[in-house]
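Subject: Structure handover

Hello,

Here is the structure you are taking over. My notes on what was found in it follow below.

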Amino acid sequence: MRLPCIVVLCLACAPTHALAQSPSFSPTSIPSVSDARGVVSADLNRDGWPDLATANGPRDTVTVLLNRGVSGGFHPPNEIPVGDGPFDIDAGDFDRDGNVDLMVTTPDELQITILLMNTSGAVRSRIVFPAGGDSRGARLADVTGDGWLDLVYSVFSSNSVFIVPNMNRAATSNV
């Protein structure tokens, strides 16, 4: 008998005005480079502040924007050359060294590039491997449940999704 009373009390206490409000967004523009397609946020230099990285289509680069932290804003962009036509980007610790690394799809070259980063947010090494087609969207997650990052990416020309299990185990063995 108490359950119906609790439900009635909870429903009676719910604010009705919150349901009628529309969300409001006011974006802040951050100077970067032209032709950015994909963006990811991660602490690339291990200072506790979220940094940004973009995949820049026709420029064939990845741009890293390190957060200035409490002083506000971002440091000037650092452009890193990668393969032709970078499309999507994601972040994860591929080699389990504690640094966040970047993965970028380069569909014009039918490849995926892993940028192994150092503690200052700069590239210390790169791994390039064939993607089996023109890779577009890509994400890193432990989809196999074994504790290792897996790469999941789409290939536009074949209407397929591919899973590369143990992505960071492969990156660790190639360093």
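The side chains of R124 and D97 form a salt bridge, with N and O 3.0 Å apart; the term stands for a side-chain nitrogen of Lys or Arg within 4 Å of a carboxyl oxygen of Asp or Glu. R124 is in strand β8 and D97 in the loop between β5 and β6, so this pair ties together parts that are 27 residues apart in sequence. Strands, like helices, are DSSP runs numbered from the N terminus (E, at least two residues, for strands; H or I, at least four residues, for helices).

Before the rest, some notes on how to read this. The model is predicted, so local features need pLDDT of at least 70 and side-chain atom pairs count only at pLDDT 80 or more, while totals for chains, interfaces and linings use all residues. Residues are numbered from 1 along each chain as its sequence is written, and side-chain values use heavy atoms, with hydrogens and water left out.

Salt bridges

The structure holds 5 salt bridges. R124 also forms one with D95, where the closest N and O atoms are 2.0 Å apart. D95 lies in the loop between β5 and β6 and R124 in strand β8, so here the linked parts are 29 residues apart in sequence.

As for accessibility, buried means under 20% relative accessible area, exposed over 50%, and partly exposed in between (1.4 Å probe, protein chains only). R124 counts as partly exposed at 37%, and D97 counts as partly exposed at 31%. D95 is buried, with 11%.

Another salt bridge joins D134 and R136, with 3.6 Å between the closest N and O atoms. D134 counts as buried at 13% relative accessibility, whereas R136, at 25%, counts as partly exposed. Salt bridges that share partners join D95, D97 and R124 into one network.

The open sheet

Four strands form an open sheet in the order β5-β6-β7-β8, with antiparallel pairing. Two strands are taken to pair if DSSP finds at least two bridges between them. β5 (89-92) and β8 (123-130) stand at the edges with a single partner strand each, so one side of each has no neighbour in the sheet. On average, neighbouring strands of this sheet are turned by 20° against each other, direction ignored; the axes are lines fitted to C-alpha atoms (for helices over the stretch in contact), and angles run from 0 to 180 degrees between N-to-C directions.

Within this sheet, β6 (residues 101-106) and β7 (residues 111-117) run antiparallel and are joined by 5 bridges. V104 has T113 in β7 as its bridge partner.

Strands β9 to β11

β9 (residues 135-141) pairs with β10 (residues 150-155) in the antiparallel sense over 5 bridges. L140 stands opposite L151 in β10. β10 also pairs with β11 (residues 160-164), again antiparallel and over 5 bridges, and V152 has I163 in β11 as its bridge partner. The hairpin of β10 and β11 has 4 residues between the strands, and N159 in that hairpin takes a positive phi near 50°.

D150 is placed in strand β10 and counts as buried, at 0% relative accessibility. The side chain of D150 reaches the backbone nitrogen of N166 at 2.7 Å.

Regards

Terms used: Polar contact = N/O pair within 3.5 Å; in protein donor to acceptor, adjacent residues only side chain to side chain.
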